[in-house]
Amino acid sequence: MTIHTADAATAADAPQAAAGAIASPPPARRRRRRHRVQGQWWVPWAFLAPALLLFLIFRYIPMFQAVGMSVENVRPYLGNEFVGFKNYETILTDAVFRDATINTLVLALGQTAGCLILGFLLALLLEGQTRKLSFIRSAAFLPVVVPMAVVAELWRIMYHPSPDGFLNSIIGIMGIAPSEYINSPDSAMWSIMLMGIWRGGPYDMMIILAGLAGIDRGLYEAATVDGANRWQRIVHVTLPGLRPVFTILFILAAIRGFRVFTEVYLMTNGGPNGATEVVMTLLYKLGLEQQKLGVGSAGAVLLFLATLVLTLTVQLLLRKKKDA
């Protein structure tokens, strides 16, 4: 009886084993299939190829060409002439380039600090998950998505120096005398800086909001239990928690400040009397207006090196703090 039961069980399992043998492919077929899947490594690169090609043609090749032109006397249709570091010497000893560098540093530092402060205050005011706050955050972020050319033209109209200009009409209600804004050497730089802060602050706000969401809420509760008020919670909990975010924003804003061009070119073109001349507008004039492509390329290489040194310095300082 036991023997017949075992035979029956074996007979019952036989179809399942046969089905399993049919369902599972042999090892050789599995290896070929795995090899075929792994052989499709080129598919992501095929999708990236158009963008990489555009970057290569319009970014990387011109960058290498600019480095080569910086040590040459560029003569279109006549052939370039190698001059070594003469172009670097010319631009480093130029008083206009030094003034443009100072203006660039002032504008970059002012816009960086202003955007961080404005973005932080907006993030504290608009932090939350309600639908109304989402709408207000979207409305506050609109200046970032508007093209810089449109923003510059809008602010240029608002800065009209006549007493009936838009901003002069507003400050006139408060009894303040009309200002010339971008038409005066004393206020032109600050006017451009104010416009840059207005446009860049909401961008910093969105990144700071993401950083605020990553701070442990238990720290706020512990600080409240210890008797800390709102200001003390901001100083001892919020600001330390946002230190990595501030570092990233500082690097991005500094790079953006060094490369400022569109708003200055459209609003003042470096004037009046060179009060708002920055490095990028000066290089544009040297290269495309005065046809000094070698000297302009040397200035562009120096600007790239300054940006690279700034980024690496900040990264090294952060690494030292982490190691300490």
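**Group meeting: helices, pockets and loops in a predicted model**

Let me start with one residue. Leaving out residues up to four places away in sequence, serine 191 touches Tyr159, Tyr181 and Ile182. Serine 191 sits in helix H9. Its relative accessibility is 6%, so serine 191 counts as buried.

Before I go on, please keep in mind that this is a predicted model. Now the chain as a whole. The chain has 324 residues, and buried residues make up 34% of them. Its secondary structure comes to 15 helices and two strands. If we take contacts between residues at least 6 apart in sequence, 65% of them join residues at least 24 apart.

The volume of the largest pocket is about 1,400 Å³. The largest pocket is lined by 41 residues, and those closest to its centre are Arg59, Arg259, Met280, Ala300 and Leu303. Which elements give two or more residues to this lining? They are helix H3, residues 42-69, helix H5, residues 95-125, helix H9, residues 188-213, helix H12, helix H14, residues 279-289, and helix H15, residues 293-323. H15 supplies the largest share of the lining, with nine residues. Split by class, the lining of the largest pocket has 27 nonpolar, nine polar and five charged residues.

The second largest pocket holds about 200 Å³ of space. Its lining consists of Arg243, Pro244, Thr247, Ile248, Ile251, Gln315, Leu318, Lys321 and Lys322. Two helices, H12 and H15, each supply at least two residues of that lining. Here H12 gives the most, with five residues. By class, the lining of the second largest pocket has four nonpolar, two polar and three charged residues.

Two packed helices are described by the angle between their axes and the distance between the axes. How do the axes of H11 and H12 cross, and within what distance do they come? H11 covers residues 230-241 and H12 covers residues 243-258; their axes come within 4 Å and cross at roughly 55°. That angle makes H11 oblique to H12. On the H11 side, the contact is made by Leu239, Pro240 and Gly241, and on the H12 side by Arg243, Pro244 and Phe246. These contact residues divide into four nonpolar, one polar and one charged. Arg243 and Pro244 of H12 belong to this contact, and Arg243 and Pro244 are also among the residues that line the second largest pocket.

Helix H13 spans residues 262-267, and proline 272 lies in the loop between H13 and H14. The peptide bond from glycine 271 to proline 272 is cis, with omega near -5°. Glycine 271 lies in that loop as well. Is glycine 271 buried or exposed? At 14% relative accessibility, glycine 271 counts as buried. Apart from neighbours within four places in sequence, glycine 271 is in contact with Ala188 and Thr276.

Asparagine 269 is not a glycine, yet its phi is positive, about 55°. With a relative accessible area of 33%, asparagine 269 is partly exposed.

Leucine 56 is found in helix H3. Leucine 56 has a relative accessibility of 42%, so it counts as partly exposed. Not counting residues up to four places away in sequence, leucine 56 touches Ile61 and Pro62. Its helix, H3, is one of the elements that give two or more residues to the lining of the largest pocket.

How values were computed
Residues numbered from 1 in each chain as written. Predicted model: local features only at pLDDT ≥ 70, side-chain atom pairs only at ≥ 80, totals over all residues. Heavy atoms only, no water. Axes fitted to C-alpha atoms, helices over the stretch in contact; angles between N-to-C directions. Parallel < 35°, antiparallel > 145°, perpendicular 65-115°, else oblique. Contact = heavy atoms within 4.5 Å. Nonpolar A, V, L, I, M, F, W, Y, C, P; charged D, E, K, R; others polar. 1 Å grid on protein atoms, 1.4 Å probe; cavity = no way out; pocket = protein on both sides within 12 Å on 5 of 7 lines; lining within 4 Å. Points joined across faces, edges and corners; volume = space filled by probe spheres on them. Buried < 20%, exposed > 50% of the residue type's maximum accessible area, 1.4 Å probe, protein only.
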